[in-house]
Amino acid sequence: MKEKLAFGTKVTVAHVLTYTLCGFAAMFLFDYQSSVEAIGMRPLDDPIVGLAPVFQIVRGALFALVLWLIRPAFMERKHGWLVVWAVIAIVGIFNTPAPSPDSIEGFIYLAPTDAPLGISIGGTLEILAQTLLFSVAATWWVKRPARHASGAPGSSPAGSGTTKSSDPKF
């Protein structure tokens with residue numbers, strides 16, 4: 001139970017931090033304030049938008065749940081972050097069953113908007129960058145061996161599923 005909680009906490013924190021960081025960066029790089037309403041999003045000063053990082057805790061926990069189920073697919077690989085990113089990008093962005101922007105279903109069912117192409121490209125870059133950063137950060141942190149009070153480098157509890165190397169492999 002302790003291992004699951006540590007895994008879930010790391011994945012959730014990695015998601016919330018990368019989501020917030022990439023969101024703020026994209027807000028300034030792509031001038032969201034003048035473009036969000038053109039694509040049907042709430043204005044940035046809407047109170048619920050201000051609470052977005054809080055809602056991301058739930059999303060992070062859901063990522064943790066799914067990643068826990070498939071952890072052998074990325075924990076035991078040198079470039080496990082790439083497995084995580086591929087799963088998120090393919091299932092969660094491009095192949096989502098909802099008609100979302102950037103998805104195959106969105107391409108089929110969403111009518112083109114009058115929004116400038118730069119808004120769409122900026123959104124795509126933001127989500128791909130955030131999911132990439134999340135995949136690298138979460139995988140690195142989860143693979144990192146636990147530090148114990150004994151201070152022994154690379155020590156981890158038996159059966160924890162973590163690597164014993166003090167230099168986690170990406």
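Biologist: Before I look at residues, what should I know about the model and its numbering?

Modeller: It is a predicted model, in which local features need pLDDT of at least 70, side-chain atom pairs count only at pLDDT 80 or more, and totals for chains, interfaces and linings use all residues. Residues are numbered from 1 along each chain as its sequence is written, and side-chain values use heavy atoms, with hydrogens and water left out.

Biologist: How do I read pLDDT, and where is confidence lowest and highest here?

Modeller: pLDDT is the predictor's confidence in each residue, on a scale from 0 to 100. The mean for this chain is 83, and 79% of its residues reach 70 or more. Helix H2 (residues 32–35) has the lowest confidence, with a mean of 67, while H6 has the highest, at 96. Please be careful with residues 154–167, where pLDDT stays under 50.

Biologist: What does UniProt list as "transmembrane region"?

Modeller: UniProt positions are given in the numbering used here, with feature names shortened, and annotations may be inferred rather than shown by experiment. The unreviewed UniProt entry lists residues 12–30, 50–70, 82–98 and 118–142 under that name. In the model, residues 50–70 are 90% helix and 0% strand, with their end C-alpha atoms 32 Å apart. Residues 82–98 are 76% helix and 0% strand, and their end C-alpha atoms lie 24 Å apart.

Biologist: How do I tell a buried residue from an exposed one?

Modeller: Buried means under 20% relative accessible area, exposed over 50%, and partly exposed in between (1.4 Å probe, protein chains only). Buried residues make up 30% of the 170 residues in this chain. For a residue in between, look at His79, in the loop between H5 and H6: His79 has a relative accessible area of 43%, so it is partly exposed. The C-alpha atoms of His79 and Thr139 are 9.1 Å apart, although 60 residues separate the two in sequence.

Biologist: Which residues have the most contacts inside the largest nonpolar core?

Modeller: A nonpolar core is a set of buried Ala, Val, Leu, Ile, Met, Phe, Trp, Tyr and Cys residues joined through side-chain atoms within 4.5 Å. The largest one here has 14 residues, and Phe7, Val11, Leu67, Phe74, Val84 and Phe134 have the most contacts inside it. Helices H1 (2–29), H4 (52–69), H5 (71–75), H6 (80–94) and H8 (117–143) each give two or more residues to this core. H4 supplies the largest share, 4 residues.

Biologist: And what does Phe7 contact?

Modeller: Contact means heavy atoms within 4.5 Å. Beyond its neighbours within four places in sequence, Phe7 contacts Ala64, Leu67, Trp68, Arg71, Phe74 and Val142.

Biologist: How many aromatic pairs are there?

Modeller: Rings of Phe, Tyr and Trp (its six-membered ring) pair if their centres lie within 6.5 Å; planes under 30 degrees apart count as stacked, over 60 as edge-to-face and the rest as tilted. The count by this rule is 2 aromatic pairs. Phe7 and Trp68 are edge-to-face, because their planes stand at 75 degrees, with ring centres 5.1 Å apart. This pair links helix H1 to helix H4, across 61 residues. Phe63 and Phe134 form a tilted pair, 5.2 Å centre to centre with 35 degrees between the planes. That one connects helix H4 with helix H8, across 71 residues, and both Phe63 and Phe134 are buried.

Biologist: Is His15 buried or exposed?

Modeller: His15, in helix H1, is buried, with a relative accessible area of 0%. Leaving out residues up to four places away in sequence, His15 touches Gln56, Arg59, Gly60, Phe63, Gln130 and Phe134.

Biologist: Which atom of His15 lies 3.2 Å from the side chain of Thr18?

Modeller: The backbone oxygen of His15 lies at that distance from a polar atom of the Thr18 side chain. Thr18 is also in helix H1 and is buried, at 6% relative accessible area. With residues up to four places away set aside, Thr18 touches Gln130, Leu133 and Phe134.

Methods
Polar contact = N/O pair within 3.5 Å; in protein donor to acceptor, adjacent residues only side chain to side chain.
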